[in-house]
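Please read this briefing with the sequence and the model side by side.

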Amino acid sequence: MTSIFDALKDARYRFEPVSSSANLDAQLLLAQCLGQSRAYVIAHKEQILTQAEQSAYETVVARRAQGEPIAYILGTRAFYDREFIVSPAVLIPRPETEHLIEAALDFIKIRDGITAVDVGTGSGAIIVTVKANAPHINAYATDISPDALHIARKNATENSVEITFFQGNLVHPLIDANIHVDLLMANLPYIGTETLQTLDVRKFEPHLALDGGADGLDLIRELLLEQCPQVCNAGALILLEIGADQGEATRRLAQSLHPVEVKIIKDYAGHDRIVSIRLP
């Protein structure tokens, strides 16, 4: 017979090589298997698991011990002020992206009649969060992956927000529909191809959402230089998430487009994280 205490202890030991939050991971996964809260698991450590509960827990523990992100196993991820459905079809939302949300909401709150687009929306975490916090905006999102758009639409429905989704490359669908925006947001792939081959993230998260080409800037370059001039209104704000060493390169890209105002927003670790581009 296996108690909750023993099951957690074993899982924690198996998770330590792959997780910096082994204890939390063990508790969350067992709580899901039991259909209970994490608080319940913590408070009932002497409870004996049934054979079915043990079997279900062993299955998810084995997945986590192989390095699979806990968000994919749980099927959800907390981001900003809400919870999002995730699957291996989409990148897992990360805390660093919340800097982009804050910059977007600061821009929106002093303006009326804003039309916004989230390019390469993935799970929809960015556009759903912005729309939920600024219901008056007109919201659009694009992604080249139909599987990602399926998840994004589910998240929009779960959060009761109205967003128009398009399948296609970057903002081509908006260009084709003659839609112009005041706010363009994007967390596009920005990891260099060679660098990506050295990272564990490549084992589980979609390469389509990670691989940014030789220097990590292929899609950012295409978006800024070729597509933004066709879709952005005068005075529009462009917010792009970037890699920690890409601030100056992205600044030069933006300034080759227009005499624009460019700011680099750093994350809590002091790394370049968001490029803010204000068009004239």
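Tyr 140 counts as buried, at 18% relative accessibility (buried means under 20% relative accessible area, exposed over 50%, partly exposed in between, with a 1.4 Å probe and protein chains only). This is a predicted model, in which local features need pLDDT of at least 70 and side-chain atom pairs count only at pLDDT 80 or more, while totals for chains, interfaces and linings use all residues. Residues are numbered from 1 along each chain as its sequence is written, and side-chain values use heavy atoms, with hydrogens and water left out.

**Aromatic pairs**

- Two aromatic pairs are found in a search of the whole structure; rings of Phe, Tyr and Trp (its six-membered ring) pair if their centres lie within 6.5 Å, and planes under 30 degrees apart count as stacked, over 60 as edge-to-face and the rest as tilted.
- Phe 79 and Phe 84 make an edge-to-face pair, with 6.1 Å from centre to centre and 65° between the planes.
- Phe 79 is buried at 2% relative accessibility, and Phe 84 is buried at 0%.
- Tyr 140 and Phe 166 have ring centres 6.1 Å apart and planes at 15°, so this pair is stacked.
- Tyr 140 belongs to strand 4 (residues 138-143) and Phe 166 to strand 5 (residues 164-167), so the pair ties together parts that are 26 residues apart in sequence. Helices (H or I, at least four residues) and strands (E, at least two) are DSSP runs, numbered from the N terminus.
- Phe 166 is partly exposed, with a relative accessible area of 22%.

**Nonpolar cores**

- The largest nonpolar core has 33 residues, of which Leu 184, Leu 223 and Ile 277 touch the most other members. Such a core is a set of buried Ala, Val, Leu, Ile, Met, Phe, Trp, Tyr and Cys residues joined through side-chain atoms within 4.5 Å.
- Helix 11 gives this core its largest share, five residues.
- A second, separate core of 31 residues includes Phe 107, Ile 114, Ala 116 and Ala 125.

**Helix 4**

- Helix 4 (residues 51-65) has 15 residues.
- Its buried residues are Tyr 57, Val 60, Val 61 and Arg 64.
- The buried residues of helix 4 pack against helix 1 (4-15), helix 2 (22-34) and helix 5 (70-74).
- Exposed Gln 51 and Ala 52 sit on the face of helix 4 turned away from its buried side.

Key
Expected span 1.5 Å × (residues − 1). Contact = heavy atoms within 4.5 Å.
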